[in-house]
Amino acid sequence: MFILKSASPRRIQILRDLGFQLQLDPTNIDETQNPEEDSFHYLERMVHSKLGELADKNNLYLAADTIVVFQNEILHKPLDLEDSIRILKTLSGNKHSVFSGAALRTNSITDFFYEETVIEFKNWSEEEIRDYILRCKPFDKAGSYGIQDQGGPVAFREGSYTNVMGFPLRSFLSRSSVWLPFWERS
């Protein structure tokens, strides 16, 4: 059985579009960043925390997390409307990186992997930012935006689209020897 340790609608859709039949078993964890913790270690810690301690060795487990990094600072999911505005103002007209990390576990082997995509934002006014937030409600997204949102803030992307949606698909596909035995077309 393929067990996804995530409730992200975007990850679920990507995997279902690939034909995976998933059992969903999201893990609620404390996502507080430790003082002095750099973005890579935070990402890896979040993925491993979501994976948790797993007992059944006959299953394949997948956990993932996505972070937005601007000037070495992680811009987490917004707390509220004002925080969303602050985040989008910070990113407006600038480049930042989106990292999605994931881990596959089968038997006692865990394989962590990640991808980076560089995003450049349009230079938006506060009015455009507010309009976007009210239309798209990006409160559950790292960096307070979705690359898939119609009329969104992304001007340019260098790297994987699905990585920005929250899943390092290219790296996942390159590990087919791990997940292929658990792939059942629906």
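Analyst: Happy to; we will take the labels one by one and set each value against its definition. This is a predicted model, in which local features need pLDDT of at least 70, side-chain atom pairs count only at pLDDT 80 or more, and totals for chains, interfaces and linings use all residues. Residues are numbered from 1 along each chain as its sequence is written, and side-chain values use heavy atoms, with hydrogens and water left out.

User: How many helices and strands are there in the chain, and what makes a run count as one?

Analyst: The chain has seven helices and seven strands. Helices are DSSP runs of H or I with at least four residues, strands are runs of E with at least two, and both are numbered from the N terminus. Along the sequence they give the pattern β-α-β-α-β-β-α-β-β-α-β-α-α-α.

User: What radius of gyration does the chain have, and why does it agree with a compact globule?

Analyst: The radius is taken over C-alpha atoms, and the globule rule is 2.2 Å times the number of residues to the power 0.38. For 186 residues a compact globule would come near 16 Å, and the chain has 17 Å, so the two agree. The C-alpha trace spans about 50 × 40 × 25 Å along its principal axes.

User: Why is Lys50 called buried?

Analyst: Buried means under 20% relative accessible area, exposed means over 50%, and partly exposed lies in between (1.4 Å probe, protein chains only). Lys50 has 9% relative accessibility, so it counts as buried. Of the 186 residues of the chain, 49% fall in that class.

User: Where does Lys50 lie, and what is it in contact with?

Analyst: Lys50 lies in helix α2, residues 39-51. A contact needs heavy atoms within 4.5 Å. Leaving aside neighbours within four places in sequence, Lys50 is in contact with Lys5, Thr27, Ile29, Glu31, Ala63, Ala64 and Asp65. The C-alpha atoms of Lys50 and Ala63 are 5.9 Å apart, although 13 residues separate them along the chain.

User: What makes the pairing of Lys50 with Asp65 a polar contact?

Analyst: The term asks for a pair of N or O atoms within 3.5 Å; within protein, one must be able to donate a hydrogen and the other to accept it, and residues adjacent in sequence count only if both atoms are side-chain atoms. The side chains of Lys50 and Asp65 make such a contact at 2.9 Å. Another polar contact, of 2.6 Å, joins the side chains of Ser97 and Glu116.

User: Is Ser97 buried or exposed?

Analyst: Ser97, in strand β5, is buried, with a relative accessible area of 13%. Leaving aside neighbours within four places in sequence, Ser97 touches Ile67, Val68, Val69, Glu116, Thr117 and Val118.

User: How do you know that β5 and β6 pair?

Analyst: Two strands pair if DSSP finds at least two bridges between them. Strand β5 (residues 95-106) and strand β6 (residues 109-121) have twelve, in the antiparallel sense, with Ser100 opposite Glu115 in β6. The two strands form a hairpin with two residues between them, and Asn107 in the turn has a positive phi of about 55°. β6 also pairs in the antiparallel sense with strand β7 (residues 154-158), over four bridges, where Val118 stands opposite Glu158.

User: What makes a set of residues a nonpolar core?

Analyst: Such a core is a set of buried Ala, Val, Leu, Ile, Met, Phe, Trp, Tyr and Cys residues joined through side-chain atoms within 4.5 Å. The largest one has 38 residues, of which Phe2, Leu15, Leu62, Leu91, Tyr145 and Phe172 touch the most other members. Its largest share, five residues, comes from strand β3 (residues 60-70). Apart from it lies another core of 14 residues, among them Tyr61, Ala63, Ile67 and Phe99.

User: Which residues of helix α3 are buried, and what do they pack against?

Analyst: In α3 (residues 81-91), Asp83, Ser84, Ile85, Ile87, Leu88 and Leu91 are buried. They pack against β3, β5, β6 and α4 (126-136). At the start of α3, a side-chain oxygen of Asp80 comes to within 3.2 Å of the backbone nitrogen of Glu82. After the helix comes Gly93, with a positive phi near 75°.
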